[in-house]
Amino acid sequence: HVIAQRAWDCIWEEMIEHKKGPKTIYDKPGKGYVDNEYNFSVEMLTEMLGELNRLITKYGSSEWSDKHTANTLVELLME
């Protein structure tokens, strides 16, 4: 390990619990997330939604149905 395991709890506490790190899934709505932190234009939101839909369509297709990671990705993207 690059970082000693005994330091992991301290790093988690500082980065996640004290919000000193990047945004994570724990910052989603309902978990202390501040809705107005992002200021995306309509065009940017449209592009992002288009990309999400493209990925859901691609990895939700029968070609990928036997891949666990593809199924998990689709579940996460649809949350």
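**Note on an α-α-α chain**

1. Read along the sequence, the protein chain runs α-α-α. That is three helices and zero strands. The model is predicted.

2. Of the 79 residues in the protein chain, 9% are buried. The accessible surface is about 7,000 Å². Carbon and sulfur atoms hold 58% of that surface.

3. How do α2 and α3 pack? Helix α2 spans residues 42-59 and helix α3 spans residues 68-77. Their axes lie 9 Å apart, at an angle of about 145°. The crossing of α2 and α3 is left-handed.

4. Which residues make this contact? From α2 come Leu 52, Leu 55, Ile 56 and Tyr 59. They meet Ala 70, Leu 73, Val 74 and Leu 77 of α3. By class, the contact has eight nonpolar residues, no polar ones and no charged ones.

5. The largest nonpolar core has five residues: Leu 55, Ile 56, Tyr 59, Ala 70 and Val 74. Two or more residues come from each of α2 and α3. The largest share, three residues, is from α2. Nonpolar side chains tend to be buried together in soluble globular proteins.

6. Tyr 59 deserves a look. Tyr 59 belongs to the largest nonpolar core and also to the α2 side of the contact with α3. Leaving aside residues up to four places away in sequence, Tyr 59 touches Trp 64, Ala 70, Leu 73 and Val 74.

Methods:
Residues numbered from 1 in each chain as written. Predicted model: local features only at pLDDT ≥ 70, side-chain atom pairs only at ≥ 80, totals over all residues. Heavy atoms only, no water. Axes fitted to C-alpha atoms, helices over the stretch in contact; angles between N-to-C directions. Helix = DSSP H or I, 4+ residues; strand = E, 2+ residues; numbered from the N terminus. Left-handed = near helix turned anticlockwise from the far one by under 90°. Contact = heavy atoms within 4.5 Å. Nonpolar A, V, L, I, M, F, W, Y, C, P; charged D, E, K, R; others polar. Core = buried A, V, L, I, M, F, W, Y, C linked by side-chain atoms within 4.5 Å. Buried < 20%, exposed > 50% of the residue type's maximum accessible area, 1.4 Å probe, protein only. Areas by Shrake-Rupley, 256 points an atom, 1.4 Å probe, with all protein chains shown as cover.
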